[in-house]
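I opened my notebook to record what I looked up in this model.

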Amino acid sequence: MTSPRPDGPWSEPPAQGEAIEVAEGVLWMRLPLPMKLDHVNVYALDDGDGWTIVDTGMSSNKTRRIWEELMAGPLGGKPVRRVVVTHHHPDHIGNAGWFQSVHGAELVTTRTAWLFARMLTLDVQESWPEETLAFYRSAGMDPAIYDARVAERPFNFSDTVYPMPLGFTRIKQGDVLRMGGRDWDVHMGNGHAPEHATFWSRDDNLVITGDQILSSISPNIGVYATEPMADPVAEWLEACERLAPLTRPDQLALGGHKLPFFGLPHRMAQLIDNHHGALARLLDHLDEPRTAAECFAPLFKRKIGGGEYGLALVEAVAHVNHLYHLGQVDRSRRADGAWLYQRKG
């Protein structure tokens, strides 16, 4: 196990199969992901007779082999008795069912996270649902990307999430959770994922932020065919404004990606300001009628590659939806089914 630098934040992540002790009894570990964002951070908290782990990585034989290395190495062979999951995305909940089924661990998460994950793992589609294809067309998806997707088997949640057994322990806003010798206040985020749990230590300066607050990237905020008129941007901004008063400069934020960091108040203000800036640029861009897929430039200010296209598209839909719900843009249906958005005159 690597020793922490005494002055904290670390410039390098822990190596595969190793851990960095970020505070007494709190280990930071990292698991690989098969995508452009190529890692997820997971944490282990020492409960004396066993460990609580926070988040689990994406389900794969490779990831489970790394977990076995971690359990035999940095975790010292003590059992993982409890798995806390911040939100339902596969890189966070992917191996929770394995820890429950194989290791007898208790799963602790929000009701929404558990329901979403359980429902999506059971919803296996061998061909594309028409609702999803209609959603892609309504967003103005690039025809070449659309045709390539249609020709492939759709992604299924169960491809990257281990089967989840019945049963979990619910946490909700205002709860206090004891782990790693500390009491943690539970505060809910939103926007990136519904009912996203964050944990704020009462006993020292640690905050486990999951993907709600990240150091150097903005969490993806997307709209999907399941709820095409959703407004997750409003939900995310509301959560940021509500969580901001809890922040202090000395708190060490332990996020789901990138590096731990100090300076939470500044980062929260930056994230909020960045989104308001993006919305202002988007509104100017919509002086002319455009589809969501034609709105990448003002939102991301960089070229979007094929590997990022899907996440960029659902984020663009989220932002035009937000302006539509605010009454700042109108929309009309194009002949090919795409919505065209335009600033109100």
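**Entry 1: an aromatic pair.** I looked up W10 and W28 and found both of them buried. This is a predicted model, and I read every entry with that in mind. I then counted the aromatic pairs and got 8 in the structure. For W10 and W28, the ring centres are 6.2 Å apart and the planes meet at 55°, so I noted the pair as tilted. The cut-off for edge-to-face is over 60 degrees. Next I checked where the two residues sit. W10 is in the segment before β1 (20-23), and W28 is in strand β2 (residues 26-32). The pair therefore ties together parts that are 18 residues apart in sequence.

**Entry 2: another pair.** I turned to F296 and Y309. Their ring centres are 5.4 Å apart and their planes are at 70°, so this pair is edge-to-face. F296 belongs to helix α9 (residues 296-300) and Y309 to helix α10 (residues 309-325). I wrote down that the pair links distant parts of the chain, 13 residues apart. Are these two residues buried or exposed? F296 has 11% relative accessibility, so it counts as buried. Y309 has 8%, so it counts as buried too.

Entry 3: I listed the buried residues of helix α3 (residues 96-103): A96, G97, W98, F99 and Q100. What covers them? I found that the cover includes β4 (51-54), α1, β5, α2 (90-93) and β6 (106-109). W98 and F99 came up again in an aromatic cluster, together with W67. Just after α3, I noted G104 with a positive phi of about 70°.

**Entry 4: charges over rings.** I looked for charged side chains above aromatic faces. K78 lies over the face of W51, 5.1 Å from the ring centre. R331 has its charged end over the ring of W339, at 3.6 Å from the centre.

**Entry 5: the second largest pocket.** I sorted the lining by type and got 9 nonpolar, 2 polar and 3 charged residues.

**Entry 6: P79.** I found P79 in the loop between α1 (61-72) and β5 (80-84). Its relative accessible area is 37%, so I noted P79 as partly exposed. Which residues does P79 touch, leaving out those up to four places away in sequence? It touches D49, G50 and W51. W51 is also the residue whose ring face lies under K78. I then took a distance from P79 to M35, which is 44 residues apart from it along the chain. Their C-alpha atoms are separated by 30 Å.

**Entry 7: H285.** The cut-off for buried is under 20%. Setting aside residues up to four places away in sequence, H285 touches R290, E294, C295 and P298.

Conventions
Residues numbered from 1 in each chain as written. Predicted model: local features only at pLDDT ≥ 70, side-chain atom pairs only at ≥ 80, totals over all residues. Heavy atoms only, no water. Helix = DSSP H or I, 4+ residues; strand = E, 2+ residues; numbered from the N terminus. Buried < 20%, exposed > 50% of the residue type's maximum accessible area, 1.4 Å probe, protein only. Contact = heavy atoms within 4.5 Å. Phe/Tyr/Trp six-rings, centres within 6.5 Å; stacked < 30°, edge-to-face > 60°. Lys NZ or Arg CZ within 6 Å of the ring centre and 35° of its normal. Nonpolar A, V, L, I, M, F, W, Y, C, P; charged D, E, K, R; others polar.
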